[in-house]
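Here is a short report on one chain. It goes from the overall fold to individual side chains.

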Amino acid sequence: MPIGAQPRGRRGTVEEPFSPLNLRLVLALFGLVVCTVLSVLLFRAGWTLPGWLLAAWAVFAAGDIVVIQLRRRARARAEGGRKHSLFE
């Protein structure tokens, strides 16, 4: 269900939506930092179970960062190194 026209140069469609990889990277980095800091604080306070849960989320965020970087490199190779804004 398209709401409006896509901006020029976008390759996403209704079936295969466009993914803002730079925004995903920023959000994953934020999640990694927040989960790591909170996990350390919870371990120091003696709350081990929530500390381990946040540590696991930090590991997933790190894995997501690796996947996003691989996709960004593939996009850069395919488009000849074109720069993208945060939302592209």
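## Secondary structure and model

The chain has 2 helices and 0 strands. Helices (H or I, at least four residues) and strands (E, at least two) are DSSP runs, numbered from the N terminus. Helix 1 covers residues 21-45. Helix 2 covers residues 48-79.

This is a predicted model, in which local features need pLDDT of at least 70, side-chain atom pairs count only at pLDDT 80 or more, and totals for chains, interfaces and linings use all residues. Residues are numbered from 1 along each chain as its sequence is written, and side-chain values use heavy atoms, with hydrogens and water left out.

## Surface and contacts overall

The chain holds 88 residues, and 18% of them are buried. Buried means under 20% relative accessible area, exposed means over 50%, and partly exposed lies in between (1.4 Å probe, protein chains only). Accessible areas come from the Shrake-Rupley method with a 1.4 Å probe; for residues, only the protein chains shown count as cover.

Contact means heavy atoms within 4.5 Å. Take the contacts between residues at least 6 apart in sequence: 65% of these join residues at least 24 apart.

## The salt bridge

How many salt bridges does a search of the whole structure find? The search finds 1. The term requires a side-chain nitrogen of Lys or Arg within 4 Å of a carboxyl oxygen of Asp or Glu. Here the partners are Asp 64 and Arg 24, at 3.2 Å, N to O. Asp 64 sits in helix 2 and Arg 24 in helix 1, so the pair ties together parts that are 40 residues apart in sequence. Side chains of opposite charge can pair when their charged atoms come close.

Asp 64 is partly exposed, at 30% relative accessibility. Arg 24 is also partly exposed, at 27%.

## Buried polar and charged residues

Asn 22 belongs to helix 1. Its relative accessibility is 9%, so Asn 22 counts as buried. Its side chain makes a polar contact of 2.8 Å with the side chain of Arg 72. A polar contact is a pair of N or O atoms within 3.5 Å; within protein, one must be able to donate a hydrogen and the other to accept it, and residues adjacent in sequence count only if both atoms are side-chain atoms.

Arg 75 lies in helix 2. Arg 75 is buried, with 12% relative accessible area. From Arg 75 to Leu 21 the C-alpha distance is 9.6 Å, across 54 residues of sequence.

## A nonpolar patch

Val 33, Val 37, Leu 38 and Leu 41 make a nonpolar surface patch of about 340 Å². Patches use residues with over 30% relative accessible area and no salt bridge; like charges are joined within 9 Å, nonpolar side chains (Val, Leu, Ile, Met, Phe, Trp, Tyr) within 5 Å.

Val 33 is in helix 1. It is exposed, at 51%. Leu 38 is in helix 1 too, and is partly exposed at 39%.

## The aromatic pair

The count is 1 aromatic pair. Phe 43 and Trp 52 form it, edge-to-face, at 5.1 Å centre to centre and 80 degrees between the planes. Rings of Phe, Tyr and Trp (its six-membered ring) pair if their centres lie within 6.5 Å; planes under 30 degrees apart count as stacked, over 60 as edge-to-face and the rest as tilted. Phe 43 is partly exposed at 32%, whereas Trp 52 is exposed at 57%.
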